[in-house]
Amino acid sequence: MKVPKSLEPLLQDGLIDEVIRPLKSGKEAAVYVVLSEGVVRCAKVYKEANKRGFHKQSLYREGRKVRNSRQARAMEKGTRYGRREQEDVWQNTEVDALYRLAAAGVRVPQPYHFLEGVLIMELIMDEQGVAAPRLNDLELNGEQALEYHRLLIGEVVKMLCGGLVHGDLSEFNVLIDAQGPVIIDLPQAIDAAANNHAARMLERDVDNLAAYFGQFAPELLTTSYGKEIWHLYESGNLSPDMKLTGHFKGQHKKVDLDSILREINDAREDEMRRHARDTTLIVKD
């Protein structure tokens with residue numbers, strides 16, 4: 001295939017041996033299957049800010065470290081230099097999060113190289129040795145839904161014990177390999193201790209999981225794992241091996257299951273339309 005311009009510097013530097021094929025294109029980046037150091041991996045090429053679809057980035061920027069006061073002022077004012085620096089911070093957030101979470105035992109792709117806006121990392125594969133499917137591409141039964149939900153809640157807890165909240169977790173950024181779920185797409189990850197929105201984002205991540213898996217296991221729709229996890233974290237009692245109940249004391253909520261399922265289906269249809277559009281664009285490229 002024709003080598004994208006964004007990958008040419010990595011070919012010249014020997015970090016990529018061959019670009020095999022496009023894998024996917026989304027709101028944040030385009031991903032290619034590549035041969036790197038003799039191993040099949042993937043290359044994530046971040047899109048420019050004006051071509052991204054991610055909104056309300058200011059919520060995610062809160063608490064992120066910058067090099068100096070000049071950088072912070074420029075980013076606040078939105079100058080050309082500030083926008084360039086913000087891009088560096090945004091991209092490096094995912095790289096740092098991947099290394100940090102991999103060290104904490106969270107199931108994320110292993111990163112290898114990051115150069116000029118391109119991240120070379122592990123290609124997550126299924127039992128047949130091909131690129132693993134996203135969670136939303138699978139048809140689940142109730143037992144599978146409960147098991148995957150249990151595993152992902154465990155990963156959320158490990159992430160928070162490591163000080164991070166994903167911030168955009170859903171069925172669209174979880175891959176399923178032979179061992180189960182692998183969490184991807186972390187450029188918006190936030191520092192749980194430094195961001196005032198962390199509790200709300202954690203609860204939203206967990207609610208997204210409950211809403212999705214609740215299609216197959218409706219009992220998950222009445223759980224309150226997010227509030228329980230955050231309460232334990234704030235009180236200093238959260239640990240990766242803690243057994244959770246899925247309920248929070250004093251939390252009583254009535255659930256309109258039909259309404260929730262309609263919202264889930266609407267969201268899935270929107271995402272499928274975006275995915276179809278992005279796939280068309282990457283094929284043309």
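Predicted model: local features only at pLDDT ≥ 70, side-chain atom pairs only at ≥ 80, totals over all residues.
So, which residues in helix 5 meet which residues in helix 7? Let me start there, and then we'll walk around the rest of the chain.

On the helix 5 side we have His 149, Ile 153, Val 157 and Leu 160, and they meet Tyr 225, Ile 229, Trp 230 and Tyr 233 in helix 7. Sort the residues of that contact by type and you get 7 nonpolar, 1 polar and no charged. As for geometry, the axes of helix 5 and helix 7 come within 11 Å and cross at roughly 30 degrees. Angles under 35 degrees count as roughly parallel, so helix 5 is described as roughly parallel to helix 7. The crossing of these two is right-handed.

Now, helix 7, which covers residues 225-234, has another partner: helix 6, residues 198-213. Here the axes come within 8 Å, and the crossing angle is roughly 140 degrees. That makes helix 6 oblique to helix 7. This crossing is right-handed too. Who's touching whom? From helix 6 it's Ala 198, Ala 199, Leu 202, Glu 203 and Val 206, and from helix 7 it's Tyr 225, Gly 226, Lys 227, Ile 229 and Trp 230. By type, the residues in this contact come out as 7 nonpolar, 1 polar and 2 charged.

Let's zoom out for a second. The protein chain has 8 helices and 9 strands. It runs to 285 residues, and 46% of them are buried. If you take contacts between residues at least 6 apart in sequence, 61% of those join residues at least 24 apart.

Okay, the inside. How many residues does the largest nonpolar core have? It has 48, and those with the most contacts inside it are Leu 135, Ile 153, Leu 160, Leu 186, Phe 213 and Ile 229. Take Leu 135 as an example: leaving out neighbours within four places in sequence, its contacts are Leu 140, Tyr 148, Leu 152, Glu 171, Val 174, Ile 176, Tyr 212 and Phe 213. Apart from that core there's another one, with 12 residues, including Leu 10, Ile 16, Tyr 32 and Val 45.

Tyr 32 also turns up around Leu 23, in the list of residues that Leu 23 touches beyond four places in sequence: Val 31, Tyr 32, Val 33, Leu 123 and Ala 131. Leu 23 sits in strand 1, residues 18-25. Buried or exposed? Leu 23 has 30% relative accessibility, so it counts as partly exposed.

Last stop, the loops. Most residues other than glycine have a negative phi. Glu 37 has a positive one, about 55 degrees, and it's in the loop between strand 2 and strand 3. Glu 116 also has a positive phi, near 50 degrees, and its place is the loop between strand 4 and strand 5. How open are they? Glu 37 is partly exposed, at 45% relative accessible area, while Glu 116, at 61%, is exposed. The cut-off for exposed is over 50%.

That's my tour, thanks.

Methods: Residues numbered from 1 in each chain as written. Heavy atoms only, no water. Helix = DSSP H or I, 4+ residues; strand = E, 2+ residues; numbered from the N terminus. Buried < 20%, exposed > 50% of the residue type's maximum accessible area, 1.4 Å probe, protein only. Contact = heavy atoms within 4.5 Å. Axes fitted to C-alpha atoms, helices over the stretch in contact; angles between N-to-C directions. Parallel < 35°, antiparallel > 145°, perpendicular 65-115°, else oblique. Left-handed = near helix turned anticlockwise from the far one by under 90°. Nonpolar A, V, L, I, M, F, W, Y, C, P; charged D, E, K, R; others polar. Core = buried A, V, L, I, M, F, W, Y, C linked by side-chain atoms within 4.5 Å.
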